[in-house]
Amino acid sequence: MSIESALRELGKEIQKDERFTALQAAAAANDADEKLQQQMQELQLISLKYQQEAEKGEEASQERIAELQQDYQKLYSEIMEGENMQNYSAAATKMEELAKYISGMIGLFFDGQDAETCELPAQDCTHDCCTCGGCH
């Protein structure tokens, strides 16, 4: 099997994984959430207004900038507290963990570790072997 074939097989397995399907479902729920989509548009508008004000340089109203920052932070917090966004964030975190695992394992293979038996060091590894006696 070629490396490309193996990568494509890995891609298929990733897309079958429950973490991947959970992320896809959470993204679809976010897309279908009209309130969330409206909030996201408002957030972009606030960001644009902030950018326009900041581009005025010394003529920019610091009061207006502070107001826009406060509006942005308030709306951002509301968005992130929403159930759909929390579900999406949790699913995205699990996918990031999977990606780190895959990357870490590939790193071990590149270091010459035995692909059949190598294991990633514990998450609390300090890379200072005096703390645990080493990873191997």
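Predicted model: local features only at pLDDT ≥ 70, side-chain atom pairs only at ≥ 80, totals over all residues.
A crossing of two helices is called left-handed if the near helix is turned anticlockwise from the far one by less than a right angle, and right-handed if clockwise.

Residues are numbered from 1 along each chain as its sequence is written, and side-chain values use heavy atoms, with hydrogens and water left out.

Helices here are DSSP runs of H or I, at least four residues, numbered from the N terminus. Helix α3 covers residues 34–54, and its axis lies 10 Å from that of α4, at an angle of about 160°. Axes are lines fitted to C-alpha atoms over the stretch in contact, and angles run from 0 to 180 degrees between N-to-C directions. Over 145 degrees counts as roughly antiparallel, so α3 and α4 are roughly antiparallel. The crossing of α3 past α4 is left-handed.

Now to the rings. Rings of Phe, Tyr and Trp (its six-membered ring) pair if their centres lie within 6.5 Å, and planes under 30 degrees apart count as stacked. The count is one aromatic pair. Tyr72 and Tyr76 are stacked, because their ring centres are 6.4 Å apart and their planes are at 5°. Both sit in α4, residues 62–81, four residues apart, which is about one turn of the helix.

Key. Phe/Tyr/Trp six-rings, centres within 6.5 Å; stacked < 30°, edge-to-face > 60°. Helix = DSSP H or I, 4+ residues; strand = E, 2+ residues; numbered from the N terminus. Parallel < 35°, antiparallel > 145°, perpendicular 65-115°, else oblique.
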